[in-house]
Amino acid sequence: MQNLTDVLASSAVPETLQTVLTVTTETCIAISDALKQGSLAGILGMAGNENVQGEEQKKLDVISNDMLKDALLACPAVRAIASEEEDYIVPANTDGEYLIAFDPLDGSSNIDINAMVGTIFSIYHQTGDQPATEADFLIPGKEQVAAGYVLYGPSTMLVLTTGNGVNMFTYDPTQGTFVLTHENIRVAQETQEFAINMSNQRFWSANMQNYVNDLVKGKDGQRGKNFNMRWVAAMVGDVHRILCRGGIFIYPWDNKDPSKAGKLRLMYEANPMAMLLEQAGGKAHTHTQRILDIQPEAIHQRVAVILGAANEVDTCLSYS
Ligand code: AHG
Ligand code: MN
Ligand code: MN
């Protein structure tokens with residue numbers, strides 16, 4: 001079986017990008033090892049700080065952020081990084097060619113219950129003769145040259161696109177490498193499974209309430225078929241399920257805080273997942289537009305996310 005290094009070496013991916021992907025994924029293996037230690041290493045619980053978005057940081061948010069930050073800043077091919085856990089972008093090497101935005105630990109509310117979490121990353125190619133600034137990061141997601149995530153579940157898996165389909169790799173601890181286990185993933189156009197946090201129902205727009213009501217009515221409603229529901233509370237887990245067996249994932253706009261377009265962050269959650277979904281034949285939209293077409297205005301900006309099976313995303317949007 002091919003490992004990640006072989007797959008990258010036999011692809012059209014430039015060597016500098018191969019290096020950035022190797023550094024990123026090797027650091028994720030180290031994060032996976034740290035997660036496995038759990039309470040034994042004293043790494044669970046709160047860090048006692050808030051990030052720039054006003055969210056309480058867990059110790060593992062900070063540890064995984066520091067691991068990725070240190071590794072990427074030391075990589076000559078990296079021009080700058082942006083992270084959920086960093087207030088500002090961090091310039092690395094002015095001569096570097098890649099900008100990397102990441103969510104070091106997605107689903108961190110799952111840490112304390114020993115459930116699924118992951119790391120999400122998004123990579124852009126960019127050169128310049130001045131150190132990178134936040135404005136340099138404000139590039140639409142359709143310009144990403146690579147995107148992916150590492151899922152820390154029963155096995156540690158890497159799901160990656162470099163713009164030529166989606167491959168899944170499973171970490172083999174006996175070899176210390178990611179091994180290609182699922183090639184050219186495709187998401188079916190139709191589905192009977194949805195993922196949304198139903199506890200927010202009363203805060204959604206009337207259109208979203210109508211759409212979900214019709215899903216819940218199943219065979220007795222106008223959809224004429226029954227739907228199942230799942231919610232991992234880690235986007236990385238919900239997207240992984242959709243890539244494996246189909247479905248639709250929605251974190252819509254809601255009026256809990258009308259000033260926020262949504263909960264999820266464009267640069268390091270929505271954009272990389274949107275690229276993966278589109279590369280697998282699915283769709284990823286906000287209520288009004290394709291996610292990958294959004295012109296970002298700030299590195300921590302939030303968006304509504306409706307992604308998954310192409311026909312189901314269209315059906316959801318048809319309620320608007
Ligand atoms: P993070 O842990 O990086 O802040 O992200 C959590 C996100 C996302 O992964 C998940 O889909 C969503 O928050 C869950 O939100 P609820 O707690 O509202 O269900
Ligand atoms: Mn997240
Ligand atoms: Mn996070």
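Are Asp103 and Asp106 buried or exposed? Select the two residues to begin: Asp103 is buried, and Asp106 is buried as well, where buried stands for under 20% relative accessible area, exposed for over 50% and partly exposed for what lies in between, with a 1.4 Å probe and protein chains only. What you have open is a predicted model, in which local features need pLDDT of at least 70 and side-chain atom pairs count only at pLDDT 80 or more, while totals for chains, interfaces and linings use all residues. Residues are numbered from 1 along each chain as its sequence is written, chains are lettered from A and ligands numbered from 1 in the order in which they are written, and side-chain values use heavy atoms, with hydrogens and water left out.

From Asp106, move to ligand 1, which is surrounded by 17 residues, the closest being Asp106, Gly107, Asn197, Met235 and Tyr251; a residue is near a molecule if one of its heavy atoms lies within 4 Å of it. Oxygen atoms of ligand 1 lie 2.6 Å from a polar side-chain atom of Asp106, 2.9 Å from a side-chain N or O atom of Trp231 and 2.5 Å from a polar side-chain atom of Tyr251. Of the 470 Å² of accessible area that ligand 1 has on its own, the protein covers 85%, as given by the Shrake-Rupley method with a 1.4 Å probe.

Now select Ile242, which sits in helix H6 (residues 235–245); helices are DSSP runs of H or I with at least four residues, and strands are runs of E with at least two, numbered from the N terminus. Ile242 counts as buried because its relative accessibility is 1%. Beyond its neighbours within four places in sequence, Ile242 is in contact with residues including Val187, Phe249, Leu277 and Leu307, contact meaning heavy atoms within 4.5 Å.

Finish at strands E9 (residues 166–172) and E10 (residues 177–182), which pair in the antiparallel sense over five bridges, pairing requiring at least two DSSP bridges between the strands. Met168 has His182 in E10 as its bridge partner, and in the hairpin, with four residues between the strands, Gly176 takes a positive phi near 70°.

How values were computed: Polar contact = N/O pair within 3.5 Å; in protein donor to acceptor, adjacent residues only side chain to side chain.
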